[in-house]
Amino acid sequence: MIEFNNINQEPPYLLFKKKYDEAIDAGQKAIEAISISSYNKEMQEVDSRYVNLKFVNNNEFIFFTNYNSPKSIAFISHNQISALIYWSSINVQIRMKARIQKTSDEYNQEYFKHRSTDKNALAISSNQSSPIPSFDQVIKKYNKIKKDRDLKICPQYWGGFSFSPFEIEFWEGNASRLNKRDFYKLNDNIWHHSILEP
Ligand SMILES: Cc1cc2nc3c(=O)[nH]c(=O)nc-3n(C[C@H](O)[C@H](O)[C@H](O)COP(=O)(O)O)c2cc1C
C-alpha cells in the first residue's frame with residue numbers, strides 16, 4: 001500500500017490517486033512496486049530496479065534505500081530519473097520523468113522508529129549491492145546486528161529519496177487497441193495536458 005498525505009490537487013496527481021484506488025479495488029498485487037531508472041554520469045551507465053513506493057506527500061513520491069548503494073550514487077551523480085509503474089489489474093502504465101533528492105535526516109529517523117525491528121536490522125546490516133562470500137554470512141551479519149544494536153536508530157547510510165515529476169503519462173490499454181494516453185508536462189509551474197497517439 002502507498003500512503004497519501006496532503007494530496008496535490010493538480011490533474012495528474014488526482015488522476016494518479018484515482019487510478020491507484022481503481023487498482024486497489026481490482027485487487028492489484030505489489031501495488032507499491034515502481035521501477036526507477038537512473039543515470040550515473042561519471043560511469044556513463046544507465047540502470048533500473050524496482051523499489052517500493054511508500055508515500056505520496058503532496059508532489060513528492062518517496063521510497064527508502066541504502067545511501068551507499070549504486071542507485072543512490074547514481075542519483076547524486078545525476079538527479080534526473082525516470083519511474084515506471086504497471087498495474088495489470090486495470091491495464092494501466094504510469095510513466096514519469098522527475099528530479100530526485102534525499103529526504104532529511106529528521107524524516108528518516110522518524111520513519112525508521114516506526115518500522116519493524118526485523119526490517120531495520122536488515123537496513124543496518126546490509127551493505128547493499130556489495131559482494132559477500134556466502135548467503136550464510138548475510139544471515140550471520142543480520143543476527144549479530146539484531147543482538148548488538150539499537151534497532152530504532154537510523155544509520156546515516158540509510159534513508160529516503162523523494163522525487164517530484166515534471167512529466168507524467170498515463171497509458172490505459174483498451175481491448176480494441178485504441179489505447180488512451182494522457183500526457184502531463186510541467187512548464188513554469190503549470191501542468192499542461194495533451195493526448196498522445198497510441
Ligand atoms: C518489488 C520490489 C521492491 C523493492 N523495493 C526496494 C526498496 O524499497 N528499496 C531498496 O533499496 N530496494 C528494493 N528492492 C531491491 C532493488 O530492486 C535492488 O535490488 C536493490 O535496491 C539494489 O539496487 P542498486 O544496486 O541499483 O542500488 C526491491 C525489489 C523488488 C523486486
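The structure is a predicted model, in which local features need pLDDT of at least 70 and side-chain atom pairs count only at pLDDT 80 or more, while totals for chains, interfaces and linings use all residues. Residues are numbered from 1 along each chain as its sequence is written.

The protein chain contains five helices and ten strands, where helices (H or I, at least four residues) and strands (E, at least two) are DSSP runs numbered from the N terminus. Taken along the principal axes, the C-alpha atoms of the protein chain fill a box of roughly 55 × 40 × 35 Å. Of the 198 residues in the protein chain, 21% are buried; a residue is buried if 20 or more other C-beta atoms, placed from the backbone, lie within 10 Å of its own, exposed if 12 or fewer do, and partly exposed in between. Among the contacts in the protein chain with a separation of 6 or more, 62% join residues 24 or more positions apart, a contact being a pair of residues whose C-beta atoms, placed from the backbone, lie within 7 Å.

Several strands are paired, which requires that DSSP finds at least two bridges between them. Strand β6 (residues 80-87) is joined to β7 by eight bridges in the antiparallel sense, and Tyr 86 stands opposite Gln 93 in β7. These two strands, β6 and β7, form a hairpin with four residues between them, and Asn 91 in the turn has a positive phi of about 55°. Strand β7 (residues 92-102) in turn runs antiparallel to β8, with eleven bridges between them, and the partner of Met 96 in β8 is Ile 168. Strand β8 (residues 158-172) also pairs with β5, again in the antiparallel sense, over six bridges, with Phe 161 of β8 as the bridge partner of Phe 63. A further six bridges join β8 to the antiparallel strand β9 (residues 180-187), where Lys 185 stands opposite Glu 167.

A nonpolar core is a set of buried Ala, Val, Leu, Ile, Met, Phe, Trp, Tyr and Cys residues joined through C-beta atoms within 7 Å. The largest such core has 25 residues, and those with the most contacts inside it are Ile 81, Ala 83, Ile 94, Ala 98, Ile 100 and Phe 163. The largest share of this core, five residues, comes from β7. Leaving aside neighbours within four places in sequence, Ala 83 is in contact with Ile 34, Ser 35, Ile 36, Met 96, Ala 98 and Phe 163. Another core, of six residues, lies apart from the largest one and includes Phe 112, Ile 124, Cys 154 and Trp 158.

Around the ligand there are 16 residues, of which Arg 49, Thr 65, Ser 69, Lys 71 and Ser 129 come nearest; a residue is near a molecule if its C-beta atom, placed from the backbone, lies within 6 Å of it. The elements β3 (45-52), β5 (60-66) and α2 (70-77) each supply at least two residues of this shell, and β3 gives the most, with five residues. By class, the shell holds seven nonpolar, six polar and three charged residues, with Ala, Val, Leu, Ile, Met, Phe, Trp, Tyr, Cys and Pro counted as nonpolar, Asp, Glu, Lys and Arg as charged, and the others, Gly among them, as polar.

How values were computed
Two residues are in contact if their C-beta atoms, placed from the backbone, lie within 7 Å.
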